[in-house]
Amino acid sequence: MAEYTLKVRRFQPEDGEGPYWEEFNVELDPSLSVLDGLLQAKDRDDGSLSVRCSCRAAICGSCGMKINGQSGLGCKTQIGEAQELAEKKASVSPSANGETPTIVVEPMGNMPVIKDLITDMESTHWTKIRRVTPWLLPHGTPPEREYVVEPESMIDITQSMACIQCGACVSSCLSMEADPDFIGPAALAKAYRFVGDPRDAETKERLHDLAEDPHGIYDCTHCFSCIDACPKGVAPMDQIMRLRRKAGEEGIADPNNGDNHVNAFVKMIEKKGTNDEAYLLQESFAPGIKGKLKPTKGAIKGLLGSLPVAIRGIRTGKMRSLPKLIPGIHPKLPGGAQDEVKAIYKHAEEHREEFNIYIKGEEGE
Ligand code: SF4
Ligand code: SF4
Ligand code: FES
C-alpha cells in the first residue's frame, strides 16, 4: 500500500461556478489504477465526485481522461506509474513552493465538460463517428448467408477494428484544437475500417468524401499525439495515412499538394540519399520533369504560393548555400552509402506489406 494525492479538476454545474482544483489523498497498491484511486476518493471523501466507468478493464471505453496531461484510460493507468510520471515531470520543472508532485487528473480535451471528469461524447465524438457512415455499404443482392472473404483480406483493417471508442485520441488531437470541425482521429480510423473492407462497394465515394472535405483527411498535421494516446494500439494517424495513400492511388487531388510532396521526397532520397530542398520544392509542384518546371497552372500557382516558405528558408539559413538553392546540384551520399539506400528501397518494394502490429513479420526479421 502507498499513499497518493490526486489533484482533480472539478466542475459542478449545479453550483453555478466555474471549474476548480481539489486534492484527494488515497491509499492504494501501486499496481491498482488511477480510476481505482478516484473511486476510493468518491467512496470515502466526496460522493459527488463524478467519473464515468464500467468495465474497469480497458474494454468498454468509458473512462477516458487526462492523467498528468496525457489522454488515456483511467482504468488502464497504474497509479504507481502515474506517480512516477508526475515526479519525473516535477524534476524537469519543479514547483516554486517545493510541493510534493501530485497526480493531475482532468477531463478529456476537445469536448465540453458535463460534470467533473465526465465529458459530452455525443457532441464531438459520436457526431463525427456518424459523419463517416460507419457501416458497410455492399452492392448487389446480399448472399443468403454471410459474406465470405479471404481472411488475409481482413488483416489490414483489424487494427482499426480494435477501437473501443474511448475518445482519448480525440482528446489529444492538436488539429482538432485548432479546427473543431476536423473529422478527427477516431472517426477517420473508423472510416478506414470500411474503406479497407473488401465487402464495401463505395470505397471510391468514401475516399472522395473524406479527401474533399476541408476538415477531412488532409486536416491532420501528422503530430503522432493520437498514437501516443490510444490505449488499444489503433494508431489512428496511421489509418489516416492509409486513407491518404488510397486517395492518392484513386487519383484524388490533395489540396495541400501533400501527395506530390511525398512522392517527390521518396524519389529524391532514392536518387540522392539526402534532402535536396530546392529539388524537393520543384518536384512537389512540377513532378516528372527533371531540371525544368512543368508549366501547368497548378504548378506555377503552387510554386508561387510556396515562395514565402522558400524566403523563410533563405532567411533562417536552411537554404543559404548555393547547392541548396539550385535544384539538382545538391551532392549525393558519398561512397557506397547511396547503394545502401537503394538496397533499402529494393527491400521495401519486395515487401509491400506495411508494418502493422496485427501482421507478423517474416521469420528472422
Ligand atoms: S496525428 Fe493527426 S489525427 Fe492524430 S492527433 Fe495529430 S493531428 Fe490529430
Ligand atoms: S482510436 Fe484508440 S484512442 Fe481513439 S477512440 Fe479508438 S481506442 Fe480510443
Ligand atoms: S472502465 Fe471500461 S475502459 Fe475503463
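Reader: Hey, what classes do the residues of the shell around ligand 1 divide into?
Author: There are nine nonpolar, four polar and no charged residues in that shell. Keep in mind that this is a predicted model.

Reader: OK, and which residues come nearest to ligand 1?
Author: C173, S175, C220, C223 and C226 do, out of the 13 residues around ligand 1.

Reader: Which elements give two or more residues to the shell around ligand 1?
Author: Those are α9, residues 225-229, and α10, residues 236-249.

Reader: Then where does ligand 2 sit?
Author: Ligand 2 has the largest cavity. Around ligand 2 you'll find C163, I164, Q165, C166, G167, A168, C169, A186, C230, P231, V234 and P236.

Reader: How does the shell around ligand 2 split by class?
Author: It's 10 nonpolar, two polar and no charged residues.

Reader: Switching topic: what's the order of the strands in the open sheet?
Author: The five strands run β2-β1-β5-β3-β4, and the pairing is mixed. β2 (20-28) and β4 (70-73) stand at the edges with a single partner strand each, so one side of each has no neighbour in the sheet.

Reader: How are neighbouring strands of this sheet turned against each other?
Author: By 35° on average, with direction ignored.

Reader: Let's go pair by pair. Are β1 and β2 parallel or antiparallel?
Author: Antiparallel, over nine bridges. In that pair, R9 stands opposite W21 in β2.

Reader: And β1 with β5, parallel or antiparallel?
Author: Parallel this time: β1 (residues 2-10) and β5 (residues 103-106) pair over three bridges. V8 stands opposite V105 in β5, while K7 has V104 as its bridge partner there.

Reader: What holds paired strands together in general?
Author: Strands of a sheet pair through backbone hydrogen bonds, in either a parallel or an antiparallel way.

Reader: Back to this one. How many bridges do β3 and β4 pair over?
Author: Four, in the antiparallel sense. I67 has Q70 in β4 as its bridge partner.

Reader: What do β3 and β4 form, and how many residues are between them?
Author: A hairpin, with two residues between the strands. N68 is in the turn and has a positive phi of about 50°.

Reader: Last one: which strands does helix α1 lie across?
Author: Helix α1, residues 34-44, lies across β1, β2, β3 (64-67) and β5.

Reader: And at what angle does α1 run to β2?
Author: At about 100°.

How values were computed: Residues numbered from 1 in each chain as written. Chains lettered and ligands numbered in written order. Predicted model: local features only at pLDDT ≥ 70, side-chain atom pairs only at ≥ 80, totals over all residues. Heavy atoms only, no water. Near = heavy atom within 4 Å. Nonpolar A, V, L, I, M, F, W, Y, C, P; charged D, E, K, R; others polar. Pairing = 2+ DSSP bridges. Axes fitted to C-alpha atoms, helices over the stretch in contact; angles between N-to-C directions. Contact = heavy atoms within 4.5 Å. 1 Å grid on protein atoms, 1.4 Å probe; cavity = no way out; pocket = protein on both sides within 12 Å on 5 of 7 lines; lining within 4 Å. Sits in = over half its atoms within 2 Å of the grid points.
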